[in-house]
Amino acid sequence: MSDQTGPGTAGPAGPGEGDQPADPAQRRMDYLGYQGEPADKADQDSMSSIFKRSKHPVDTGGHPARGSNVSAGGPDIPAGTHDGPEVLGTPPHQTDSSREPEHTVMRPAVGGGHGGGVTPRPPRAEDVDHRAERRAERLIAFWFLISVVGTIGFIITNFVGDKHKEYYTPCLGSALGLAVGGLGIGMILWAKRLMPHEQAVQERHEFTSSREDIAVTEAEITAGFADTGLARHPLLRRTLLGAGTVLGGLVVVPLLNLTNSKPGKKLDHTSWVKGARLVTEDGRLVKLGDVSIGGIETVFPAIPVTAADGSVTYKPKTDIQTKADSTTLLIRLPPGVDRPRKGREDWSVDGHVAYSKICSHAGCPVSLYEQQTHHLLCPCHQSVFNVPDGCRAIFGPASRSLPQLAIAADADGYLYARNGDYDEPVGAAFWERS
Amino acid sequence: MTESSGTSPDTPPEPTSTAVTEPVAAADASAAPEPAAAAASTAVAAGDRSPTRRLARRRSARGQGQSARRRRRSSALVLMFGLLATGVLWTVLAPGGNAAQTADANEAVRQGRALYLQGCSSCHGLGGGGSTTGPSLVGVGAAAVDFQVSTGRMPLAAPAAQADRKPPIYSRTQIDQLSAYVSSLGGGPEVPKVTDEALNDADLSHGGELYRANCAQCHQAVAQGAPLTYGKFAPSLNESTPTQIIEAMRTGPESMPVFGDRQINEEDAIAVAAYVRHLNETRSPGGFSLGKYGPVPEGLLGLLVGVGGLLAVCLWIGARQKV
Amino acid sequence: MTTAPEYVKRPGPVRKANRAMDDRFGTQAGLRRNLNKVFPDHWSFMIGEIALYSFVILLVTGIYLTLFFDPSNTEVIYNGSYVPLKGVEMSRAYASTLDISFDTRAGLVFRQIHHWAALVFVGSIIVHLARVFFTGAYRKPREVNWLIGVGLLILAITEGFAGYSLPDDLLSGTGLRIAASIAQSIPIIGTWASFLVFNGEFPGANFLPRLYVIHILLVPGILLALIGAHLGILWHQKHTDFPGPGKTEHNVVGHRVFPVFAVKSGGFFMMTFAMLALLGGLAQINPIWMFGPYDPSKVSSASQPDWYIGFLDGSTRLMPPWEFRGLGHTVPAVFWPTAVLPGILFTLLALWPFLEARFTGDTKSYNLLQRPREAPTRTALGAMAISFYLVLWISGGNDVIAKTFSISLNAMTWAGRIGLIIVPPIAYVVTKKLCLNLQEKDHEVAHHGIETGIIRQLPTGEFVEDHRPKAEPTPDHPLVPTDRYALPSANGHGDDGHGKGLARRAGKAVSGFFVEEKEGGPGGGRH
């Protein structure tokens with residue numbers, strides 16, 4: 001620690017010299033609240049760990065904060081040691097190296113305040129110049145008037161404007177924006193320019209109550225609790241606890257009443273039945289040849305209904321409930337491309353294959369068919385299915401192939417579900433799915 | 001048979017250049033007026049000592065009066081006979097098209113073939129049968145060619161995951177000729193006839209339902225396009241004409257599935273095209289449409305402009321210096 | 001402080017009203033205390049206000065929308081003024097939203113303001129959370145407020161999801177389908193959970209009225225209560241502040257509520273409203289007429305949830321297809337990124353103040369904030385969390401990015417998967433280093449002063465650079481006591497050991513007032 005005197009030099013004094021150490025450098029450090037240098041510059045630990053530093057907190061006065069334990073570890077309060085100036089270069093010839101011991105080469109700070117007063121800044125124009133004040137007032141008034149214009153604009157557009165024209169909503173929004181924005185800008189300018197710029201200081205108080213307070217309160221509660229007699233009557237206590245717990249569990253009951261439809265086996269079945277024909281959303285029953293090679297079509301079940309006279313009509317089922325699980329994608333692959341899985345050789349006809357459109361990942365309709373690669377992409381989370389390979393999942397988060405619907409063509413060429421429903425649950429997986 | 005010059009295929013080939021040997025052989029060079037005129041002018045230009053000049057002198061020395069007139073008449077007749085013969089032989093011996101086609105259609109096919117050989121055959125084969133670098137065009141139809149070439153996708157600028165729309169390099173006539181040629185190879189979907197009235201009369205809401213059922217999953221709800229796997233994509237339809245849209249449906253270009261007319265009939269196809277036209281032309285009632293791409297640009301704007309702008313206001317309010 | 005003012009014997013109307021209320025409720029002391037409350041005025045303390053004001057605007061515009069919206073699943077044929085949907089079958093909810101957008105005066109603009117306000121609401125909550133986190137404002141005694149804040153975040157996200165699902169359009173309906181599948185994926189109780197919420201197998205019977213009640217009654221009610229508690233705690237504990245001239249752990253320096261803070265805040269409310277009004281009028285949002293009504297067999301590409309759910313969409317897209325099957329049961333792959341991951345993230349977030357207190361062993365109370373660089377580990381962990389969130393969020397829009405920048409979709413997925421693992425640790429290390437270096441730099445400046453660039457040669461031959469000490473920070477506005485007028489019989493109090501600066505003296509002069517007010521209480525009275 002140097003005690004050099006001379007122009008512009010000052011050595012930081014140690015801490016604990018009082019609340020307002022006279023030395024500017026020390027005060028500077030105190031204000032910034034820094035811990036000072038670590039005892040060993042190479043000891044990054046003390047600086048690096050907030051955990052260590054926090055064990056030894058320092059308040060902005062630069063003093064150990066209340067409750068901090070100086071010996072708890074962490075860096076010491078600065079003793080004022082420092083490196084001194086960094087030597088930038090030395091000419092090659094050195095006579096004798098009576099190198100000066102470290103000192104800080106400092107120039108005096110410009111206008112450095114002492115004693116914690118207010119920095120003298122030029123006063124705000126509005127405070128001293130009446131013309132500036134009135135200019136500010138006029139500016140604020142201008143913005144308030146803009147607000148009025150906006151309000152009137154909103155009213156006019158709302159009632160007179162044609163809501164089917166393209167200008168209607170933008171005009172309303174802009175007018176409303178002007179109406180409130182004008183007020184807002186005016187108010188902020190008013191606060192910034194015309195209201196006094198002093199800073200108020202309010203004392204905070206510790207929240208922790210005094211020991212007497214705590215003692216008295218705890219005693220009151222204990223006494224009150226003793227009055228309840230719970231401590232003395234274990235049967236009362238236990239049955240109360242039991243009844244309370246059980247009653248609390250009652251809250252679950254209204255939640256369980258939320259549905260009459262129990263899961264059961266519902267997720268395992270769709271609306272497809274044996275003999276149901278494939279029908280489009282428009283009601284057209286799908287025949288062989290309707291879909292071109294390389295084409296796809298979304299189909300739903302048309303349930304066969306036998307009339308009294310034995311004739312069969314097909315009722316399309318395209319309501320939303322059916323669509324949610326029975327939507328099926330009919331794809332016509334070019335000849336020779338399909339490689340059916342074992343046992344599924346007769347599930348397709350003439351290149352026509354049918355798979356569930358409900359993604360096995362999270363239930364979105366898988367519908368982006370790439371005609372040349374025969375891949376099916378789901379747009380929600382980018383799962384990719386390989387159609388010729390039984391719609392196996394080959395990319396993305398889906399882990400199961402899409403369920404296949406076995407189809408065949410009847411004598412008239414209409415496509416129908418030959419085996420009835422899918423052989424596994426469609427859509428996203430769930431706990432009970434094996 | 002004969003080769004035409006490839007430099008200016010748009011202009012009909014001059015008769016003189018194709019019928020290069022016959023009329024000259026058939027007609028007497030000295031009697032034919034045009035070559036004679038040419039010869040005379042060259043004779044005048046060349047000077048007295050050239051052989052043509054001597055010939056002309058001998059002719060003029062010989063031919064005054066009646067014999068000259070007779071000779072001129074006969075040379076005209078010979079010329080006309082030569083031209084007629086050329087024309088008949090040409091019609092009979094020229095490569096055929098559809099016998100039912102008119103002469104114009106034949107012409108289109110012929111021109112189309114010429115264009116094809118020059119610009120397409122290196123990938124699609126000399127006879128349209130395909131090669132290792134390009135698929136066969138037999139049976140793809142005029143619609144496919146019209147689509148690919150009018151959107152500029154073909155000729156392909158460079159091999160890529162997918163062909164991009166770019167400014168077409170062929171004119172409308174050339175595209176029609178190419179389409180005619182490819183159609184002549186093996187048939188296929190015709191270029192659809194889409195009139196403005198048909199589009200205006202179309203059922204827009206039905207077109208919308210069809211669009212959402214068949215197209216929105218790839219081309220996005222508002223026809224802005226979306227990616228497919230491995231660098232492919234379903235393009236935005238902002239620049240697509242109704243004809244191109246229907247052609248794409250019928251021919252299934254690249255990754256797009258084929259929507260044949262037994263699946264979506266002509267009226268429905270026009271409805272879909274009308275709906276896409278509506279999507280492209282309609283103005284957004286709610287203000288600036290942010291690319292019509294949904295929650296992603298909306299979220300970005302809400303955070304950057306909404307929250308960011310308000311943070312800027314915070315900075316203004318909290319600023320110490322006078323503002 | 002000036003002398004005590006006179007009692008005005010002939011009151012005007014305003015004073016009369018004041019005294020009428022005081023006769024009935026005894027308002028004067030409370031009024032004074034609250035109007036003179038001091039709030040620090042750093043700009044970053046206003047971010048929470050953005051959220052508060054957005055919420056108010058959500059309430060106001062939401063009420064307008066409830067007057068027109070019909071939350072019913074009943075199918076109708078549309079016959080309004082939007083031609084491309086005429087004759088199309090749709091739910092009443094969707095049809096009434098179309099009516100609001102096209103056939104109601106100011107319907108579309110308020111619908112759009114409402115939706116933009118929701119986006120800004122959640123966005124400002126997250127920015128506010130980041131500010132609180134990086135400045136350490138959640139430390140004791142404010143942990144409870146932190147917990148309330150995290151609860152507010154979760155509720156705001158839920159509320160937004162419910163809100164944009166109400167119109168029953170194709171985009172939000174797809175999101176509901178995914179939500180049902182997520183519920184279904186929970187082990188053991190999943191199918192029950194999904195069936196109970198949706199009243200049956202998706203789409204369930206009459207789900208929209210339930211969603212409506214959640215959106216306009218249940219969640220807003222809880223939000224109002226929690227916001228009230230959040231503000232009440234803040235009011236009672238007083239706002240934290242950055243260290244600075246005149247500021248200590250035991251005071252708060254700033255503006256009084258009345259008039260400056262109130263006017264600035266009121267102006268800021270107007271500005272928030274203006275920003276949302278401009279967005280609502282000039283930038284189209286959620287054009288449901290372009291998506292069409294919800295149909296489980298249809299979907300549009302580029303289907304995303306609103307931005308604040310985007311990180312869950314991203315985690316779902318990136319998750320590899322790891323499904324556990326065995327013993328007749330399945331744990332679907334979608335369970336982990338959509339149910340487990342947000343559970344872990346929000347739990348960690350909520351418990352963070354307690355975790356930090358445990359690991360640092362620091363149980364002190366703090367009213368002063370820290371600059372982020374002063375807590376390098378916390379800041380680095382926060383940067384790590386943000387980078388993790390950002391990778392997920394960007395992956396939620398990976399198809400839009402793939403289309404816009406012509407990048408392969410599969411490459412985007414892999415980039416997200418790998419990025420999720422390697423980006424956060426890199427963010428941690430880089431941020432930590434940055435914080436430490438900034439600390440060193442501050443230390444250098446504090447210790448050696450600012451470099452002036454003037455090089456001198458010492459007599460011994462070395463060259464050194466001159467430094468100039470950094471000017472001490474001092475307040476640039478005069479510091480005044482909270483109360484402008486003293487009550488006549490304020491007691492003086494001795495020095496309580498906090499120093500003799502002007503701030504201290506002013507503060508002490510005020511404390512007598514508080515002590516005097518609570519004279520009767522045990523322990524000498526605390527505020």
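Select chain B. Of its 323 residues, 37% are buried. A residue is buried if 20 or more other C-beta atoms lie within 10 Å of its own, exposed if 12 or fewer, and partly exposed in between, with C-beta atoms placed from the backbone. This is a predicted model: local features need pLDDT of at least 70, side-chain atom pairs count only at pLDDT 80 or more, and totals for chains, interfaces and linings use all residues. Residues are numbered from 1 along each chain as its sequence is written, while chains are lettered from A and ligands numbered from 1 in the order in which they are written.

Stay on chain B and colour by pLDDT, the predictor's confidence in each residue, from 0 to 100. The mean for chain B is 81, and 75% of its residues reach 70 or more. Now pick residues 1-47 of chain B: the pLDDT there is below 50. In the model this stretch has 46 contacts beyond near neighbours in sequence. Two residues are in contact if their C-beta atoms, placed from the backbone, lie within 7 Å. Where pLDDT is low, predicted coordinates should not be read in detail.

Switch to cartoon view. Chain B shows 15 helices and two strands. Helices (H or I, at least four residues) and strands (E, at least two) are DSSP runs, numbered from the N terminus. Among chain B contacts between residues at least 6 apart in sequence, 66% join residues at least 24 apart.

Next, select α11(B), residues 204-214. Is this helix mostly covered or mostly open? It is mostly covered, with nine of its 11 residues buried. Among them are Leu204(B), Gly207(B), Leu210(B) and Tyr211(B). The cover includes β4 of chain A, plus α12 (216-219) and α14 (266-281) of chain B.

Click Val272(B). Setting aside residues up to four places away in sequence, Val272(B) touches Gly207(B), Leu210(B), Tyr211(B), Cys215(B) and Ile245(B). Val272(B) also belongs to the largest nonpolar core, which has 251 residues. Such a core is a set of buried Ala, Val, Leu, Ile, Met, Phe, Trp, Tyr and Cys residues joined through C-beta atoms within 7 Å. Val272(B), Phe121(C) and Leu276(C) touch the most other members. Helix α5 (residues 107-135) of chain C gives the largest share of this core, 18 residues.

Show chains A and B together. Their contact takes 28 residues from chain A and 24 residues from chain B. On the chain A side, α6(A) gives the largest share, five residues.

Now find the open sheet of four strands. Its order is β1(C)-β4(C)-β2(A)-β9(C), with mixed pairing. Two strands pair if DSSP finds at least two bridges between them. β1 (38-39) and β9 (479-481) of chain C are at the edges, each with a single partner strand, so one side of each lacks a neighbour in the sheet. Strand β2 (residues 199-203) of chain A pairs with β9(C) in the parallel sense over three bridges. Zoom in on Gln199(A): its bridge partner in β9(C) is Leu479(C).

Finish at Leu288(A), in the loop between β3 (277-279) and β4 of chain A. Why does Leu288(A) count as partly exposed? Because it has 16 C-beta neighbours inside 10 Å. Beyond four places in sequence, Leu288(A) is in contact with Asp350(A), Ala409(A), Gly413(A) and Leu415(A). Leu288(A) and Ala409(A) are 121 residues apart in sequence, yet 7.1 Å apart in space, C-alpha to C-alpha.
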